[in-house]
Amino acid sequence: MGHSVASIEGVESGTPVYGAEELTAGGNQAQIRLSEAVYTLRITRQGKLILTK
């Protein structure tokens with residue numbers, strides 16, 4: 001399977017926190033699979049995140 005991304009624990013909630021730069025391997029896009037659906041995570045030029053199916 002793809003790259004393994006280490007996570008750190010969210011300070012307040014205990015929710016895992018992932019760096020967008022890690023997920024995109026230094027690029028600006030990553031594919032995220034949930035069951036049979038594949039989503040695209042994209043970092044915009046303005047530094048915002050867009051998740052599309």
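Trainee: Where is T24 found?
Mentor: T24 is in the loop between α1, residues 20-23, and β3. Keep in mind that this is a predicted model.

Trainee: What makes T24 count as buried or exposed?
Mentor: Its relative accessible area is 5%. Buried means under 20%, so T24, at 5%, is called buried.

Trainee: Which residues is T24 in contact with, leaving aside its neighbours within four places in sequence?
Mentor: Q29, A30 and I43. A contact here needs heavy atoms within 4.5 Å, so T24 has heavy atoms within that distance of each of those three residues.

Trainee: And A25, where does that lie?
Mentor: A25 lies in the loop between α1 and β3.

Trainee: How do you know whether A25 counts as buried or exposed?
Mentor: Set the value against the cut-off. A25 has 62% relative accessibility, and exposed means over 50%, so A25 counts as exposed.

Trainee: What is worth noting about the phi of A25?
Mentor: The phi of A25 is near 50°, a positive value in a residue other than glycine. Most residues other than glycine have a negative phi.

Trainee: What makes β3 and β4 a pair?
Mentor: Pairing takes at least two bridges. β3 and β4, which covers residues 37-43, have six bridges in the antiparallel sense, so they qualify as a pair. Those strands of a sheet are held by a general rule: pairing goes through backbone hydrogen bonds, either parallel or antiparallel.

Trainee: How many residues sit between β3 and β4 in their hairpin?
Mentor: Two, and S35 is in that turn.

Trainee: How do you know that β4 and β5 pair as well?
Mentor: Four bridges join β4 to β5, and the two run antiparallel. The requirement is at least two bridges, so β4 and β5 count as paired. Among the residues facing each other, R42 stands opposite I50 in β5, and T40 stands opposite T52.

Trainee: What does the hairpin of β4 and β5 have between the strands?
Mentor: Five residues, and G47 in this hairpin takes a positive phi near 85°. G47 lies in the loop between β4 and β5.

Trainee: What makes G47 buried or exposed?
Mentor: G47 has 55% relative accessibility. The exposed class starts over 50%, so G47 is called exposed.

Trainee: What order do the three strands of the open sheet have?
Mentor: The order is β3-β4-β5, with antiparallel pairing.

Trainee: Why are some strands called edge strands, and which are they?
Mentor: They are β3 (29-34) and β5 (49-52), as each pairs on one side only. The twist averages 20° from one strand to the next.

Trainee: How many helices and strands does the chain have?
Mentor: One helix and five strands. Read along the sequence, they follow the pattern β-β-α-β-β-β.

Trainee: What share of the chain do buried residues make up?
Mentor: Buried residues make up 17% of the 53 residues; T24, at 5% relative accessible area, is one of the buried residues.

Note on methods
Residues are numbered from 1 along each chain as its sequence is written. This is a predicted model: local features need pLDDT of at least 70, side-chain atom pairs count only at pLDDT 80 or more; totals for chains, interfaces and linings use all residues. Side-chain values use heavy atoms; hydrogens and water are left out. Axes are lines fitted to C-alpha atoms, for helices over the stretch in contact, and angles run from 0 to 180 degrees between N-to-C directions. Buried means under 20% relative accessible area, exposed over 50%, partly exposed in between (1.4 Å probe, protein chains only).
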